[in-house]
Protein chains: 2
Amino acid sequence: MRLMRPLITAAAVAFALPALSQTDPLPSWNDGDSKAAIIAFVDGVTTEGGDDFVAVADRVAVFDNDGTLWAEKPAYVQLYFAIDRVKALAPQHPDWTTTEPFASILKGDIDKAFAGGHKAIAEVIGATHSGMTTEEFNSTVLDWITTAKNPETGRPVLDMVYQPMLELLAYLRANGFQTFVVSGGGIDFMRAFTEQAYGIPNPQIVGSSGKLKFDIVDGKPELLKEPDVDFIDDGPGKPVGIQMHIGKQPIAAFGNSDGDLQMLQYTCITDGPRFCAFVHHTDGTREWAYDKDSNVGQLDEGLSAASTYGWTLFDMAKDWKVVFPGTQ
Amino acid sequence: MRLMRPLITAAAVAFALPALSQTDPLPSWNDGDSKAAIIAFVDGVTTEGGDDFVAVADRVAVFDNDGTLWAEKPAYVQLYFAIDRVKALAPQHPDWTTTEPFASILKGDIDKAFAGGHKAIAEVIGATHSGMTTEEFNSTVLDWITTAKNPETGRPVLDMVYQPMLELLAYLRANGFQTFVVSGGGIDFMRAFTEQAYGIPNPQIVGSSGKLKFDIVDGKPELLKEPDVDFIDDGPGKPVGIQMHIGKQPIAAFGNSDGDLQMLQYTCITDGPRFCAFVHHTDGTREWAYDKDSNVGQLDEGLSAASTYGWTLFDMAKDWKVVFPGTQ
């Protein structure tokens with residue numbers, strides 16, 4: 001009933017069923033188990049007097065970013081930003097032509113550059129995300145991201161957000177939820193675009209971060225970004241980030257990889273009405289199909305946990321009418 | 001005009017001046033420079049089309065806690081909590097009877113216990129604020145704080161919040177501000193009472209913190225509080241905490257000690273409409289009179305900065321009709 005398009009009859013109005021007069025809040029979702037589960041959960045926690053009612057103050061929903069709200073293939077957008085920054089900053093770092101991983105990046109051999117795994121990534125992030133104020137960094141990201149394109153699809157990265165997830169965010173907010181991003185991505189990197197892209201303001205962005213240093217330079221206060229890592233908001237770090245920034249357990253959590261497993265455990269292994277889901281990348285035609293064996297966004301343990309705990313899998317191929325805004 | 005009590009005449013209504021029909025939003029403030037400055041600032045940033053208009057999303061106000069929103073004398077409330085926890089936990093720590101600073105606390109010699117300064121305090125906080133889950137800690141604080149009394153006045157500590165500051169918080173929120181606590185106090189400690197005491201929800205509390213560890217114990221997810229310090233939200237740490245948790249520069253900041261100086265610098269040494277103020281403890285009769293020479297809440301450099309930058313001093317004796325709720 002509640003999914004029907006407006007087709008109001010005098011009788012329906014007389015029965016005073018407001019749901020009937022609403023347009024579909026999730027138009028890019030195919031009718032099916034996932035959509036029905038979302039709507040049943042929201043109806044439950046918003047029905048005053050019902051068993052599952054949750055006060056507005058406790059309606060906290062957390063979302064991973066990469067692979068959950070926007071595409072993370074062939075690699076994280078933030079990594080492409082870092083690579084472009086290495087190229088832009090290379091003239092000021094002559095030693096980079098002979099020092100890995102910078103040398104391989106400058107030669108265009110990205111695979112070789114990041115063969116060193118996390119250590120190489122941390123080095124590149126450290127070198128490109130520090131040595132400037134938070135304000136300067138914000139403008140640099142903003143300049144870059146408004147023109148950056150996905151290297152495989154050629155589409156602007158900001159157009160590769162998931163339309164169904166934008167609708168889910170808006171639907172939850174319309175029902176009194178506060179929506180937070182809780183991502184392994186850099187907090188300062190994300191804040192340059194998350195308000196515009198997702199309608200989520202800066203205080204509701206939780207992410208990884210480097211150390212900051214306050215100083216007054218030429219009479220002007222500034223926060224300098226330092227190269228040392230301060231906090232990694234991934235895996236078991238996600239519940240920690242949630243406690244630090246939000247200070248209450250969410251009642252809904254959405255991720256797509258094993259890095260989100262602990263966030264979903266923290267949210268959903270408890271009493272009371274809860275909703276946990278993984279975006280399952282099953283659509284090799286409109287997006288990318290990957291899970292257990294992927295080097296980016298691996299979903300393996302998470303799939304087992306979803307099965308054990310009855311979490312929802314958003315099957316991208318089956319559940320989503322549209323993947324990216326303005327596409328079919 | 002705007003400070004008048006409701007005394008509406010037909011003529012006033014005919015002129016359609018809505019301010020006249022409002023009751024005084026700051027009834028515990030004496031008419032004077034401080035109250036006038038607050039109201040002029042709020043009028044400025046909320047007047048659409050005016051030079052000083054600030055969009056709702058950017059109306060961020062930050063408040064120190066100890067000495068700014070509630071009393072901090074004779075010592076921080078959190079320290080009394082820690083002392084009571086040492087006494088409660090002593091049977092499980094027989095070594096404390098011979099180890100400082102615990103031995104002196106157990107003998108009731110608080111001065112001697114904390115003669116070691118920050119190191120001794122950190123040791124006591126570490127020992128009493130760790131080894132339990134965030135949930136357990138929250139209940140412990142809540143149990144304690146609802147009965148805790150100030151050792152000098154005998155009043156419940158929760159009754160020693162400042163009535164004029166509660167009105168200021170409410171007035172700012174009524175004008176579209178988000179109000180944040182940014183305090184050197186422990187973030188988990190504060191969150192046990194800040195929503196009830198100040199109407200500020202957990203995500204808007206910024207404070208000092210220890211390390212947290214996520215684990216699943218007996219099938220139940222939990223966050224364990226560890227003894228190591230993670231972040232000190234004081235002095236130059238306050239602008240850092242603001243960037244981490246809020247991600248934008250506030251437009252108003254309220255403190256009372258030199259530990260708030262950098263927060264006020266970060267907020268107010270910049271272009272655009274800004275409001276910075278120190279609560280100046282000038283009232284030895286109704287509260288405590290202290291500034292430059294105090295061991296708790298020293299305000300020395302801050303007084304000079306206030307004079308240099310034209311920040312407001314809330315003169316407790318002169319500006320406040322009432323200090324604590326329900327008193328004169």
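At what angle do the axes of helix H3 (residues 77–89) of chain A and helix H6 (residues 118–128) of chain A cross? In this predicted model, local features need pLDDT of at least 70 and side-chain atom pairs count only at pLDDT 80 or more, while totals for chains, interfaces and linings use all residues. Residues are numbered from 1 along each chain as its sequence is written, chains are lettered from A and ligands numbered from 1 in the order in which they are written, and side-chain values use heavy atoms, with hydrogens and water left out.

The two axes cross at roughly 60° and come within 9 Å. Helices (H or I, at least four residues) and strands (E, at least two) are DSSP runs numbered from the N terminus; axes are lines fitted to C-alpha atoms, for helices over the stretch in contact, with angles from 0 to 180 degrees between N-to-C directions. H3(A) is therefore oblique to H6(A), a class left over once angles under 35 degrees (roughly parallel), over 145 (roughly antiparallel) and 65 to 115 (roughly perpendicular) are set aside. The crossing of H3(A) past H6(A) is left-handed, that is, the near helix is turned anticlockwise from the far one by less than a right angle. On the H3(A) side, the contact (heavy atoms within 4.5 Å) involves A:Gln78, A:Leu79, A:Ala82, A:Arg85, A:Val86 and A:Leu89, which meet A:Ile121, A:Val124, A:Ile125, A:Ala127 and A:Thr128 of H6(A). Eight of these residues are nonpolar, two polar and one charged; Ala, Val, Leu, Ile, Met, Phe, Trp, Tyr, Cys and Pro count as nonpolar, Asp, Glu, Lys and Arg as charged, and the others, Gly among them, as polar.

In chain B, the peptide bond from B:Lys73 to B:Pro74 is cis, with omega near 0°. B:Pro74 lies in the loop between strand S1 (60–63) and helix H4 (77–89) of chain B.
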